[in-house]
Amino acid sequence: AAVWASKLIADPDGTAMLGMVIGFGGTLAMLIGLFNVCRRMIMANTVGSAYASVATILVLVTATMMICLFGFELEVHRAADVRAAGPLIAIAYAINSTMSGIIGLAVLLLAIGIALQKNYHIVIAGAGVLGGVVMIAATVAEKTEWQGIGWPLMLLFAVAMGVMRIRASE
């Protein structure tokens with residue numbers, strides 16, 4: 001934690017700040033997209049609606065956690081020294097360690113609802129299920145390196161749903 005904090009504090013050119021804005025902004029955009037898919041599924045009131053209802057709550061919880069995490073990491077970046085940033089980094093780690101499991105569960109439930117409702121291709125639902133399971137397993141097993149598999153699968157799931165939605169509207 002101290003190494004991470006010292007890298008954030010000693011960022012003279014603002015690269016870490018830019019990375020945080022892009023990373024958190026992109027993930028928040030993905031969550032907004034997932035929220036809209038959940039909302040549409042709930043309004044359709046079909047077999048996948050119950051799964052989408054729970055996924056909606058989890059997506060909103062994750063978005064809230066993301067905003068809080070961004071605030072804590074922003075304050076670590078502005079801290080005077082590593083000693084002052086210590087408690088903030090500990091809180092950021094705690095939020096980050098649980099957030100991946102929550103978003104994994106949200107994506108898993110949404111993908112199951114999509115598979116049952118059959119409103120997107122089954123391969124898209126499979127990517128969501130696999131990404132969600134990997135993220136949950138990464139949280140439970142405390143293996144952050146597994147998130148390197150889970151995040152891309154979840155992002156692929158979100159982008160594929162967006163592309164399919166755009167193609168359907170044309």
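Predicted model: local features only at pLDDT ≥ 70, side-chain atom pairs only at ≥ 80, totals over all residues.
Helices here are DSSP runs of at least four residues, numbered from the N terminus.

Rolling a probe the size of a water molecule over the atoms shows where empty space is left. The largest pocket found in this structure has a volume of about 220 Å³. Its lining is made up of 13 residues, and those closest to the centre of the pocket are F24, L69, E73, N96 and M99. Two or more lining residues come from each of the helices α2 (15-44), α3 (49-78), α4 (82-117) and α6 (147-169). Among these contributors, α2 supplies the largest share of the lining, with 4 residues. Sorted by class, the lining of the largest pocket holds 7 nonpolar residues, 5 polar residues and 1 charged residue.

At least two residues of the lining of the second largest pocket are provided by α4, and at least two by α5 (122-141). Here it is α4 that gives the most, with 4 residues. By class, the lining of the second largest pocket counts 2 nonpolar, 6 polar and 2 charged residues.

Attention now turns to the outside of the protein. On the surface, V47, Y51 and L116 form a nonpolar patch, and together these residues have about 250 Å² of accessible area. V47 sits in the loop between α2 and α3, whereas L116 belongs to helix α4.

L116 has a relative accessibility of 40%, so L116 is classed as partly exposed. Both residues pass the requirement for patch membership, because that asks for over 30% relative accessible area.

The C-alpha atom of L116 lies 34 Å from the C-alpha atom of I22, and the two residues are 94 positions apart along the chain.

Key
Residues numbered from 1 in each chain as written. Heavy atoms only, no water. 1 Å grid on protein atoms, 1.4 Å probe; cavity = no way out; pocket = protein on both sides within 12 Å on 5 of 7 lines; lining within 4 Å. Points joined across faces, edges and corners; volume = space filled by probe spheres on them. Nonpolar A, V, L, I, M, F, W, Y, C, P; charged D, E, K, R; others polar. Patch = residues over 30% accessible without salt bridge, like charges linked within 9 Å, V, L, I, M, F, W, Y side chains within 5 Å. Areas by Shrake-Rupley, 256 points an atom, 1.4 Å probe, with all protein chains shown as cover. Salt bridge = Lys/Arg side-chain N within 4 Å of Asp/Glu carboxyl O. Buried < 20%, exposed > 50% of the residue type's maximum accessible area, 1.4 Å probe, protein only.
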